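My plan was to pick a few spots, look each one up and write down what I found.

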Amino acid sequence: MTDDKNLSVNIDLTDKNNKTDEQMEEDKKSKWKYILERILKIIVMMIIGFLFGFILEKSKVYEPKFIRQQMIFNKFLMMKMFFSALATSSLSIFILNLIAKERYNKVFESYRTMLKSKSILIVCAGGLILGLGMTIGGSCPGMVFVQLGAGVNYSYLTLVGGLLAGLFHGLLNSYLTASSKPDAVTSKTLFELIKVNAIIVRILFIVLLAAGVALMEIFVPWKKDYSFRDNTRPFFSVTSEVWQPIIGGCCLGSLQFFSLLLLSKSLGSSSSFSSFASFFLSKESLENYPYLKRFKSGISNIGTLMFVFSVTLGSFFSSMFSGVFNKAKPVHPYNAVLGGFLLVFGARLAGGCNTGHGISGTSHLFIGSIVAMMSMFASGILLGFFARTNDFFF
């Protein structure tokens, strides 16, 4: 009897040890699966970043003169590409709502959560400041990395201004957020506000954008907007000097589909400046600045930094293939620094940049993003006409 009990105890102990070993093996597999998934996620972000930089360089909207001249309606390359990218991004979201609704809703609600902490006043103020920086510096937060890759002179000064702005905003964030109470309307969508079916609103929005692009191309053909440096190159290839802006915009907007589907993340780049800024402070100092602390580590922040690095790399290869590296006319060094500071500070204040709010947030049809996007162009255009009239900055 005693031997039977001992045997039973031994069997129980053996079973427990076996279960522990099995559990340890499962934990080990789960750990490696987690690591592999994160590595693959970063690789996908780098591929999308490379294509993002390559397409923007090919479309030539990164050149400071085209950004500035768009603000005074002398050139329409930038607006054609922006409208095309926005329409394609909106179409991507429309399709994802049909084939991967659960995945899209996850991204959608995450974006809404970010906007819930913002007021219309804050996103509008951020957009206005960003727009001033666009006209002064001839750049945008994401475009800074494209300019770096394409060898635009003084683009490193725009980056310096942006890094200072990222740090300055991070240090003041608690005061800035406390100064304005969140508005419920900021995180509402256009279809929720006007109480019309989302599908109908999305389709109408895409059609209006497409019509706007078509009208711009009819009245101002793109080849009249761009002076070719070498017109012997092929029309649409990796060695082309420039791509038709509508084609470039559609290519850029289509990246939204893959970013949402594969990464569960909307396109955007201005948060990279907060990530960079967090490295200026020690671990102890970051305890006093919780906003910057959350940008210090984590797979999302690493991925964002790798994304902008890849944007720079994509732009570099594109400009080299095109034979236009270091050929874009720069802005004055003082304008580069000031513009870089304003455009990044405005983007971080608003919670997004031309890509984050202008393409991603507006594609989601969030009111906060639409207001931020309209504010960017409003202040940029007003300063552009003031600058032209008064021979200021140009």
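Entry 1: I started with F317, which is partly exposed, with a relative accessible area of 33%. The model is predicted, and I kept that in mind throughout. Next I looked up F321 and found 39% relative accessibility, so F321 counts as partly exposed as well. Both residues sit in helix α15 (residues 299-322), and being four residues apart they are separated by about one helical turn. I reminded myself that an α-helix has 3.6 residues a turn, so residues three or four places apart point the same way.

How do the rings of F317 and F321 lie to each other, stacked or tilted? Their centres are 6.1 Å apart and their planes are at 45°, so I noted the pair as tilted. I then asked which aromatic cluster they belong to. F317 and F321 share one with F50, F54, F236, W243, F316 and F325.

**Entry 2: a pair across the chain.** I wanted to know how many aromatic pairs a search of the whole structure finds, and the count is 23. One of them is F108 with F366, a stacked pair with 4.8 Å centre to centre and 25° between the planes.

**Entry 3: helix α17.** I found α17 mostly covered, with ten of its ten residues buried. Among them are N354, H357, I359 and S363. After α17 comes L365, and I noted its positive phi, near 70°.

I then checked how α17 meets its neighbour. The axes of α17 (residues 354-363) and α18 (residues 367-389) come within 8 Å and cross at roughly 130°. The two helices are therefore oblique to each other. The crossing of α17 past α18 is left-handed. On the α17 side I listed N354, H357, G358, G361 and T362, which meet S369, I370, A372, M373 and M376 in α18. That contact divides into four nonpolar residues, six polar ones and no charged ones.

**Entry 4: the other partner of α18.** The axes of α5 and α18 come within 7 Å and cross at roughly 35°. Their crossing is right-handed. From α5 the contact includes I120, V123, L128 and T135, and from α18 it includes I367, V371, S375 and L383. By type, I wrote down 13 nonpolar residues, eight polar and no charged.

Entry 5: At 46% relative accessibility, S117 counts as partly exposed. Which distance separates the C-alpha atoms of S117 and S180? I noted 9.5 Å for these two, which are 63 residues apart along the chain.

Terms used:
Residues are numbered from 1 along each chain as its sequence is written. This is a predicted model: local features need pLDDT of at least 70, side-chain atom pairs count only at pLDDT 80 or more; totals for chains, interfaces and linings use all residues. Side-chain values use heavy atoms; hydrogens and water are left out. Axes are lines fitted to C-alpha atoms, for helices over the stretch in contact, and angles run from 0 to 180 degrees between N-to-C directions. Angles under 35 degrees count as roughly parallel, over 145 as roughly antiparallel, 65 to 115 as roughly perpendicular and the rest as oblique. A crossing is left-handed if the near helix is turned anticlockwise from the far one by less than a right angle, and right-handed if clockwise. Contact means heavy atoms within 4.5 Å. Ala, Val, Leu, Ile, Met, Phe, Trp, Tyr, Cys and Pro count as nonpolar, Asp, Glu, Lys and Arg as charged, and the others, Gly among them, as polar. Rings of Phe, Tyr and Trp (its six-membered ring) pair if their centres lie within 6.5 Å; planes under 30 degrees apart count as stacked, over 60 as edge-to-face and the rest as tilted. Buried means under 20% relative accessible area, exposed over 50%, partly exposed in between (1.4 Å probe, protein chains only).
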